[in-house]
Amino acid sequence: MNSCPRARSGATATHRARFAALWSLLLTGLVLAPAPGAQAVPAPTPSTSAAGAPFGVRAGLHGLTTLTGGHFGYALKSGARIEDSAVIYNESDEARTFHVYGADVTHAAGGGLAPAQEGQKMVAVGSWLRLDSAATVTVRPKSRATVRFSLAVPTGTPPGSYLGSLVTALRTPAVGGGVNTETRIARLVELTVPGTTDLQVSLTELEHRPAGGGEEFTVTVRNTGNVLYTFAGTLNITGGGAARTVPLTPTGIYVIPGGSATLTGRWADLPVLGRRTVTASVTATVPGGATKTVNSNTVRLSSFPWLVAALTVAGALALTLLLVMTRKRWRARLRRRAEERRALRALRRELRTGLRTEG
């Protein structure tokens with residue numbers, strides 16, 4: 001049997017630091033993932049369920065094969081096998097029956113990580129993890145029980161980061177016509193198969209649409225390599241003077257190999273006039289390791305005050321029409337005055353002619 005539990009070596013300390021706050025408790029099926037750098041919940045401290053039945057889970061080899069927060073961490077070669085255990089604490093005043101199972105870790109909608117649901121087909125760590133006893137464990141009041149398991153890496157498994165979880169679930173029966181509730185604690189099982197690190201990041205097309213008087217941009221980052229990483233992204237805007245940046249969110253979340261996350265950025269103060277170019281830039285970081293920056297396609301935006309221009313043109317047309325109409329009226333008035341003067345002169349001539357004739 002090949003096994004290599006984490007020892008208190010420099011390599012172990014470095015590996016633990018990589019995931020100091022990757023996961024915390026998963027209660028009632030919800031993923032509660034602290035941001036990098038946050039304090040994880042200490043493993044030995046029991047958690048209180050929504051049903052008022054406190055229980056907790058900690059690693060059997062706490063401090064040797066565990067990361068901060070009580071999660072499991074292993075470095076195993078292809079074909080190797082390791083044995084470990086988890087301790088379930090029942091802090092309630094009655095016996096509790098728990099269901100324990102291994103699960104793959106998948107990419108959650110909107111980013112982040114979540115354990116696969118029981119009954120789903122497990123293809124990685126969830127299928128490599130085997131319990132040494134029945135999956136259902138009954139723990140007496142104010143007591144604890146140890147669940148042993150093994151993790152065997154299939155021969156030929158490529159190097160890289162593989163994530164799974166050991167899930168302990170407590171189901172509370174429905175009361176008074178209600179619904180069943182299930183409280184789960186999931187401990188991350190982070191496995192590294194040594195080999196060449198392949199940090200690969202790809203971006204989809206940068207898309208945009210008007211939103212709230214500004215412009216909203218979206219781009220999806222995909223992990224096409226073999227290592228887990230976090231990322232941070234910005235929109236880089238150039239043209240029309242000084243360059244500027246707009247942050248993309250979310251940031252600092254983990255993307256598993258084969259996973260993806262969609263980033264969004266909103267440019268609120270659009271210029272009134274001019275042309276701008278927008279490019280998304282994303283930097284992926286392997287915890288405690290390499291970084292890689294990739295850029296998206298370039299989007300070109302032209303800004304023009306169409307409303308102001310339309311109002312100006314309309315005003316100019318109205319003024320021109322007014323001038324034309326005024327000019328026509330003025331000319332008509334001048335013609336009438338000229339005709340009146342000619343008529344007056346003719347009348348005067350007739351009067352003078354009549355006077356001479358009478359004389």
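Ala169 belongs to strand β11, which spans residues 160–172; helices (H or I, at least four residues) and strands (E, at least two) are DSSP runs numbered from the N terminus. The structure is a predicted model, in which local features need pLDDT of at least 70 and side-chain atom pairs count only at pLDDT 80 or more, while totals for chains, interfaces and linings use all residues. Residues are numbered from 1 along each chain as its sequence is written, and side-chain values use heavy atoms, with hydrogens and water left out.

The surroundings of Ala169 come next. With a relative accessible area of 3%, Ala169 is buried; the term buried applies under 20% relative accessible area, exposed over 50%, and partly exposed in between (1.4 Å probe, protein chains only). Not counting residues up to four places away in sequence, Ala169 touches Thr97, Phe98 and His99, as well as Glu182, Thr183 and Arg184, where contact means heavy atoms within 4.5 Å. Ile185 stands 16 residues from Ala169 along the chain, and the C-alpha atoms of these two residues are separated by 6.5 Å.

Another salt bridge links the side chains of Glu94 and Arg96 at 3.0 Å, N to O. Here Glu94 is partly exposed, with a relative accessible area of 42%, whereas Arg96 counts as buried at 18%. In the pairing of Glu216 with Arg209, the N to O distance is 2.9 Å. Glu216 is buried, with a relative accessible area of 19%, while Arg209 is partly exposed at 46%.

Leu319, Leu322 and Leu323 make a nonpolar surface patch of about 310 Å². Patches are made of residues with over 30% relative accessible area and no salt bridge, like charges being joined within 9 Å and nonpolar side chains (Val, Leu, Ile, Met, Phe, Trp, Tyr) within 5 Å. Accessible areas come from the Shrake-Rupley method with a 1.4 Å probe, and for residues only the protein chains shown count as cover.

Definitions and conventions
Salt bridge = Lys/Arg side-chain N within 4 Å of Asp/Glu carboxyl O.
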